[in-house]
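Thanks for making the time, everyone. I would like to walk through one model this morning, going from charged pairs to helix packing, the cores and the sheet.

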Amino acid sequence: MNFAAVYHRITPDMCYSPDGETVTVNIRTDRDADAVYLIWEDPFIHELRREPDWSGRREKMTLSRELVYQVIYTARVRPEYKRLMYYFEIEADGEVYCLFENKLCPKAEIDAVSKQFFKYAWLNSSDVIAPPAWVGETVWYQIMPDRFCRHKDAPKDDKFRVWGDFRLPLWNDVYGGTLRGITEKLDYLCELGISGIYMTPIFQSGSNHKYNTYDYTRIDEDFGTEDDLRELIAEAHRRGIRVMLDAVFNHSGSQFAPWLDVKEKGRKSPYFDWFFINSDDFVRDEFSTEDGRFYSFSFWSGMPKLNTNNPEVVGYFSDICRYWVREWDIDGIRFDVGDEISHSFIRAVRAAVKELKPDVYLLGEIWMDSLNWLSGDEYDAVMNYPFTGCVNDYWKNERLTAKDFMYAMNYCHSLYPEQVNRAMLNFLDTHDTARAAESCANQDVLLQKLTILMTMTGAPCLYYGTEIAMKGLHTPFNRSTMPWDEIESGDHADFTAKVKKLIAVRRAHEALRGSELRYEIDPERPRLLRYARGGNILVIVNADREPYPVRDEGEVLFANGYEEDSLCADGVLVLKTK
């Protein structure tokens, strides 16, 4: 047996409670393991039974996920007295091995060694990771307000470019999209099937994207007023649509009042420790902070980095978030550059806003493995960039097989507890990436990717315009204005109708929003994806070059490229099986 591949530790991905009553236990091994058993019981059961030594029940674990170099075995147990002690028995090569917290050894030797059992000390309900249940039911839609819609009565301003004129776009171009414009298009979003809006920053700033915020209490006048935001949220809620705001707390804009005070007064400013300033001559008109005079987002001097370790900074932004929740009844906050903000800051903000609205959704922008932020006391979930990479890689590299896709997606799903996976924000594109249509050979391939987005565990999110296959490679080309004239004239109706149907299937079938996922690998068709969701939904994505004959397997819920019991190359099929 490959002992080096055997791994377990009591971390939120490997030992956790999904519901406050049961405990899920995962262990990783090599494929050479023939069977794995969990030996478990209450840690004090031997005292209750008046026995000299502890012993536990022996429960066979299920092989739940295959990764590239390891497999994961899983068991879910219900500790009657809320406490759990356990170890593992692994059968391989005709032998039985035991894994304890402090050693892995043959079972025959366990009486001769010092054993440290694994222990889940107490199942405290307040420690159970519990993202808001509604998030996994939501289909999100990301909007950049400047580029989505300019309301019909908006005043004209010479600083705005003509809507739709995207010839030679510049980084600082503004087009005049407004909050009232979003409100005017809520019925469009409802018809699409959207149930959550995530807006990029809307607060006072000197840019079109507003990620250099300098007044977190004022709506940027380009977008409208507080009353416009209140109307947007009220009208969205009336239609069953949640609203999430973008919070830029890692850094501020260069016109943020505390930063201006520091620039004027230096170390005498009461806000000096609100930032990371390393030199007394930090006030220089230079674009880059490569010289280290102060820290900034990336090396952009116009975005000085906030010291989120400072209690005053923590208190200030906690109050800001409480204001947003109390005054506007927002449903979620997305934390920009969420991995650079201090853990203590996130915990404090979480406590502050959850006190007002317990089911508010706190989402971190983190591009990699984020377990350190997902123990239940910081973010509810993060943006699922590994998911996006898994989907894109499958079409970028045609040498990858369905088994490779399975390994990659299983890796994504193995990172976090199942309740966190259901709350992860899955997407194909955002304002920070190339648009999804850019990497697709045709719209059929985009529909294949969208099918995976809508049929996998997690909360799917469309970037505005993806429903009409908008293109755009690099910023600013990936941030073009929404072509409402084309949409209203029906230019994109055929493709959008398919996206609508996909979203409707997602919302209609609970299995697509759950955690149960089973792959059906066909060695004769290495580029054919077949996976079952729950007990009755089958998804078939044909990334092969040849048509695939489909048996009469059930009711067709969604199809593209399916004719006469055959699924063409670049085709997709979602079935409710018999």
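Let me begin with the salt bridges, of which the structure holds 56, where a salt bridge is a side-chain nitrogen of Lys or Arg within 4 Å of a carboxyl oxygen of Asp or Glu. Before the individual pairs, please keep in mind that this is a predicted model, in which local features need pLDDT of at least 70 and side-chain atom pairs count only at pLDDT 80 or more, while totals for chains, interfaces and linings use all residues. Residues are numbered from 1 along each chain as its sequence is written, and side-chain values use heavy atoms, with hydrogens and water left out.

Take Glu-89 and Arg-58, which form a salt bridge whose closest N and O atoms are 2.8 Å apart. Glu-89 lies in strand β7 (residues 84–92) and Arg-58 in strand β4 (residues 57–60), so this pair ties together parts that are 31 residues apart in sequence; helices (H or I, at least four residues) and strands (E, at least two) are DSSP runs, numbered from the N terminus. As for burial, the term buried means under 20% relative accessible area, exposed means over 50%, and partly exposed is in between, with a 1.4 Å probe and protein chains only. Glu-89, at 2% relative accessibility, counts as buried, whereas Arg-58 is partly exposed at 44%.

A second pair joins Arg-545 and Glu-398, with the closest N and O atoms 2.4 Å apart. Arg-545 counts as exposed, at 62% relative accessibility, and Glu-398 as partly exposed, at 46%.

Then there is Asp-544, which forms a salt bridge with Arg-525, the closest N and O atoms being 3.0 Å apart. Asp-544 lies in the loop between β23 and β24 and Arg-525 in the loop between β21 (517–519) and β22 (528–533), so the parts tied together are 19 residues apart in sequence. Asp-544 counts as buried, at 17% relative accessibility, and Arg-525 likewise counts as buried, at 14%. Salt bridges that share partners also join Glu-226, Asp-227, Arg-230, Arg-326 and Glu-327 into one network.

How do helix α5 and helix α7 pack? Helix α5 (residues 226–238) and helix α7 (residues 311–328) meet at an angle of about 65°, with their axes 10 Å apart; the axes are lines fitted to C-alpha atoms, for helices over the stretch in contact, and angles run from 0 to 180 degrees between N-to-C directions. The contact, meaning heavy atoms within 4.5 Å, is made by Glu-226, Leu-229, Arg-230 and Ile-233 of α5 together with Tyr-323, Glu-327 and Trp-328 of α7.

Next, the cores. A nonpolar core is a set of buried Ala, Val, Leu, Ile, Met, Phe, Trp, Tyr and Cys residues joined through side-chain atoms within 4.5 Å. The largest has 137 residues, of which Tyr-141, Met-199 and Ile-452 touch the most other members, and its largest share, eight residues, comes from α7. Apart from this core lies another, of 26 residues, among them Val-6, Val-25, Phe-118 and Leu-123.

Finally, the sheet. Which order do the strands of the open sheet of eight follow? They run β18-β17-β16-β15-β12-β11-β20-β19, with parallel pairing, where two strands pair if DSSP finds at least two bridges between them. β18 (381–382) and β19 (425–427) stand at the edges, each with a single partner strand, so one side of each is left without a neighbour in the sheet.

Within this sheet, strand β15 (residues 242–247) is mostly covered, with five of its six residues buried. β15 pairs in the parallel sense with strand β12 (residues 196–199) over three bridges, where Met-244 of β15 is the bridge partner of Tyr-198. β15 also pairs in the parallel sense with strand β16 (residues 332–335), over four bridges, and there Asp-246 has Arg-334 of β16 as its bridge partner. β16 in turn pairs in the parallel sense with strand β17 (residues 361–364) over four bridges, with Arg-334 standing opposite Leu-363 in β17.
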